[in-house]
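I opened my notebook to look up a few side chains one by one. Come along and check each entry with me.

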Amino acid sequence: MRARIAYKEKWQADDNIVEIKVWEVPISKDKPHGYKYSLVYIKGSKRILGYDNAEGKGDHRHYGQREESYKFKGIDKLFGDFYKDLRRYWQ
């Protein structure tokens with residue numbers, strides 16, 4: 001199985017960008033759930049918030065300069081966690 005885009009969306013308003021990309025990939029040690037993903041909020045040219053599982057780094061979250069491990073529990077939960085953090089930032 002080759003990587004297949006499962007979801008892709010991008011919103012932009014002024015200098016705010018939200019971009020979400022999810023691919024279905026073969027299950028592997030690095031991607032045990034079968035997904036590669038990137039969910040990011042950018043303001044100006046600076047990443048403010050992001051969730052991804054870049055090669056060799058596993059599932060993790062970026063909030064400002066902080067990076068921490070993220071426990072992947074499914075696509076719906078991933079989207080929910082991202083939007084919850086996004087709302088928290090905008091308040």
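**Entry 1: arginine 61**

I began with arginine 61, which I found in strand E5, residues 60-63. I kept in mind that this is a predicted model. Is arginine 61 buried or exposed? Its relative accessibility is 11%, so I noted it as buried, since buried means under 20%. Next I looked up its partners: the side chains of arginine 61 and aspartate 85 are joined by a polar contact of 2.5 Å. Leaving out residues up to four places away in sequence, I listed what arginine 61 touches, including Gly50, Tyr51, Glu67 and Tyr70.

**Entry 2: lysine 71**

I then turned to lysine 71, in the loop between strand E6 (66-69) and helix H1 (75-90). Its relative accessibility is 61%, so I wrote down "exposed", a word that needs over 50%. I also checked lysine 71 against valine 40: they are 31 residues apart along the chain, and their C-alpha atoms are separated by 17 Å.

**Entry 3: the rings**

How many aromatic pairs does the structure hold? I noted 10. One of them is tyrosine 51 with phenylalanine 82, edge-to-face, with 6.1 Å centre to centre and 85 degrees between the planes. Tyrosine 51 belongs to strand E4 (residues 46-52) and phenylalanine 82 to helix H1, so this pair ties together parts 31 residues apart in sequence. I found both tyrosine 51 and phenylalanine 82 buried. They also belong to one aromatic cluster, with Tyr7, Trp11, Tyr70, Phe79 and Tyr83.

**Entry 4: a charge over a ring**

Last, I looked up lysine 36, whose charged end sits over the ring of tryptophan 23, 6.0 Å from the ring's centre.

Definitions and conventions
Residues are numbered from 1 along each chain as its sequence is written. This is a predicted model: local features need pLDDT of at least 70, side-chain atom pairs count only at pLDDT 80 or more; totals for chains, interfaces and linings use all residues. Side-chain values use heavy atoms; hydrogens and water are left out. Helices (H or I, at least four residues) and strands (E, at least two) are DSSP runs, numbered from the N terminus. Buried means under 20% relative accessible area, exposed over 50%, partly exposed in between (1.4 Å probe, protein chains only). A polar contact is a pair of N or O atoms within 3.5 Å; within protein, one must be able to donate a hydrogen and the other to accept it, and residues adjacent in sequence count only if both atoms are side-chain atoms. Contact means heavy atoms within 4.5 Å. Rings of Phe, Tyr and Trp (its six-membered ring) pair if their centres lie within 6.5 Å; planes under 30 degrees apart count as stacked, over 60 as edge-to-face and the rest as tilted. A charge sits over a ring if NZ of Lys or CZ of Arg is within 6 Å of the ring centre and within 35 degrees of the ring normal.
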